[in-house]
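I set out to look up the charged side chains and their pairings in this model. The entries below follow the order of my look-ups.

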Amino acid sequence: MTELLERAMEAMRQMPAAEQDSMAQAILAVARGAALDEIATDHLPFVLEGLAQIERSEFATDEEVAEAFRSFEK
């Protein structure tokens with residue numbers, strides 16, 4: 001396992017169980033190649049920026065994540 005993947009796994013260990021399961025489902029989908037074809041061209045710059053943020057260890061705080069999930073409940 002690479003160092004970057006180890007850091008990602010450690011960050012996910014800090015998440016609540018339900019969020020860990022969501023992340024695990026996404027990772028498995030990518031590993032199967034399923035999600036790769038589903039990225040819309042206009043979303044690609046945002047995905048690449050997110051990956052760059054991960055590379056720089058720029059992670060959202062727990063409160064920022066909780067706030068983002070609350071925004072979907074409205």
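**Charged pairs**

I looked up R70 and found it partly exposed at 38% relative accessibility, where buried means under 20% relative accessible area, exposed over 50% and partly exposed in between (1.4 Å probe, protein chains only). The model is predicted: local features need pLDDT of at least 70, side-chain atom pairs count only at pLDDT 80 or more, and totals for chains, interfaces and linings use all residues. Residues are numbered from 1 along each chain as its sequence is written, and side-chain values use heavy atoms, with hydrogens and water left out.

I then noted that R70 forms a salt bridge with E63 (2.7 Å, N to O); the term requires a side-chain nitrogen of Lys or Arg within 4 Å of a carboxyl oxygen of Asp or Glu. E63 is partly exposed at 48%.

I recorded a count of 5 salt bridges by this rule. One of them joins R7 and E3 (3.6 Å, N to O). These two residues stand 4 residues apart in helix α1, so about one helical turn separates them. E3 is exposed at 59%, while R7 is partly exposed at 30%. Helices are DSSP runs (H or I, at least four residues), numbered from the N terminus.

I also found R13 paired with E10 (3.3 Å, N to O), and E49, R56 and E58 linked in a network of salt bridges.
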